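Reader: I would like to learn how to read a model like this one. Where should we start?

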Amino acid sequence: ESSFLLGNAQIVDWPVVYSNDGFCKLSGYHRADVMQKSSTCSFMYGELTDKKTIEKVRQTFDNYESNCFEILLYKKNRTPVWFYMQIAPIRNEHEKVVLFLCTFKDITLFKQPIEDDSTKGWTKFARLTRALTNSRSVLQQLTPMNKAEVVHKHSRLAEVLQLGSDILPQYKQEAPKTPPHIILHYCAFKTTWDWVILILTFYTAIMVPYNVSFKTKQNNIAWLVLDSVVDVIFLVDIVLNFHTTFVGPGGEVISDPKLIRMNYLKTWFVIDLLSCLPYDIINAFENVDEGISSLFSSLKVVRLLRLGRVARKLDHYLEYGAAVLVLLVCVFGLVAHWLACIWYSIGDYEVIDELTNTIKTDSWLYQLALSIGTPYRYNTTGSGQWEGGPSKDSLYISSLYFTMTSLTTIGFGNIAPTTDGEKIFSVAMMMVGSLLYATIFGNVTTIFQQMYANTNRYHEMLNNVRDFLKLYQVPKGLSERVMDYIVSTWSMSKGIDTEKV
């Protein structure tokens, strides 16, 4: 409930290193505005601020003392407010002052009315009304904490200052008081839920293009049920997003339900809703017109917008080389899968001319059918349509094989574009593939260089020490002891320069 600043006692002018939400609300400044400003709050001084009190505050900081003051400061909107300011130096285990803790309480209602341009119009009755409506909350703020609460606050502060193994961003240090139906965006349940959504998003990114391109009508009940369950989970996710906190522009955690709803409606709501429509269920009925069925199959591509969630989730893990490597391989495979689906769609569209009901013998699908012994044949007795050709599994594998060889610049040529449409797509794919290939394998090179950088530094140091020992003709016994010392020290410290850290 308190409002406080933490200032660095080791640097000139004692810059602020932490400001809690209470102080931001009290002063009207965002956390970013306060950081690195002086802990004396000189940025809040104004013409009515007492010069003697300013000097006493300065002396308290200069002498590393504990003290408290009643001081008039100005909010960001230049409204004058009386504060009860307490300054306390925080010492480390060597009894050296490393931080200043400055706490603030609003005591304006206990002081004489401040006469300035903004308050001259206030009547005595208005001031009395204001005092009566606000006195209860102010008295609660000024109520001293009991001993148990003081101990608890100090232990929490000690945890923050000691920087334990679980380092959290600033907005996690203060768990805001949220309504019962509001979920904190960094709690364990929300993190687990986000990973489930992430896995289902990858499933969608793989299956949707395949179903659209290969026109797999969902007569299989198992697949239909699975896709329906996925849709329901994404609908539940929309509901949860309307009840999940987010970080505001000033770095504060927003837990107001109205602001949460407005923020989600302005950002991801439309995209998430479009990606959750049950296209599969509509497409599953046998009596649906072929044109409408194709339309709904195409609309399923909208679900790929869910990949926006992946970008929102994965940026936290891009500092790890192994995670980046796995991610790049997944992106490469995913792009190859998408391009394979498009490549098949172009071949399927061009292989049979629907106007003349003839087959194009130069299409890659026709050539593939001949090469694997499953040619297309014209059914003269029945439907009068072209039948046969390779199975869908064989078609997909062949398409993926072609896109992989093209993206990796190998290109064996046993599957090659022949029609104009296929050649145009191949040119576009080569341009995309060259950029993707350069990006991915350039990053892979960088990752491996980072992995071996420490080892290279170790061998470079050993070579330098050996050259030094030879240059100055150090005796053999001493040389061996020096090398043993270097190797053993490195094995314990892993090359970390402890003084530098």
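**Confidence, burial and helix packing**

Author: Start with confidence. The chain of this predicted model averages a pLDDT of 80, and 77% of the residues score at least 70. pLDDT is the predictor's confidence in each residue, from 0 to 100. Residues are numbered from 1 along each chain as its sequence is written, and side-chain values use heavy atoms, without hydrogens or water. In this predicted model, local features need pLDDT of at least 70 and side-chain atom pairs count only at pLDDT 80 or more, while totals for chains, interfaces and linings use all residues.

Reader: In which elements is confidence lowest and highest?

Author: Helices (H or I, at least four residues) and strands (E, at least two) are DSSP runs, numbered from the N terminus. Confidence is lowest in helix α5 (residues 147–162), at a mean of 41. Strand β5 (residues 97–106) is highest, at 93. Over residues 135–170 the pLDDT is below 50. Beyond near neighbours in sequence, that stretch has 27 contacts in the model; contact means heavy atoms within 4.5 Å. Where pLDDT is low, the predicted coordinates should not be read in detail.

Reader: Is Lys-190 buried or exposed?

Author: Buried means under 20% relative accessible area, exposed over 50%, partly exposed in between (1.4 Å probe, protein chains only). Lys-190 has a relative accessible area of 5%, so it is buried. Lys-190 lies in helix α7 (residues 188–214). Leaving aside neighbours within four places in sequence, Lys-190 contacts Ile-183, Leu-184, His-185, Asn-241 and Thr-244.

Reader: Where does UniProt place the feature "transmembrane region"?

Author: The unreviewed UniProt entry gives residues 193–212, 322–346, 395–415 and 427–448. Such annotations may be inferred rather than shown by experiment. Residues 322–346 are 100% helix and 0% strand, with end C-alpha atoms 37 Å apart. Residues 427–448 are also 100% helix and 0% strand. Their end C-alpha atoms are 31 Å apart.

Reader: At what angle do the axes of α16 and α17 cross?

Author: Axes are lines fitted to C-alpha atoms, for helices over the stretch in contact, and angles run from 0 to 180 degrees between N-to-C directions. Helix α16 (residues 392–407) and helix α17 (residues 420–471) cross at roughly 55 degrees, their axes coming within 8 Å. The two are therefore oblique to each other. Angles under 35 degrees count as roughly parallel, over 145 as roughly antiparallel, 65 to 115 as roughly perpendicular and the rest as oblique.

Reader: Which residues of α16 meet α17?

Author: Phe-402, Thr-403, Ser-406 and Leu-407 do, against Ser-426, Met-429, Gly-433 and Tyr-437. Thr-403 is buried, with a relative accessible area of 0%.
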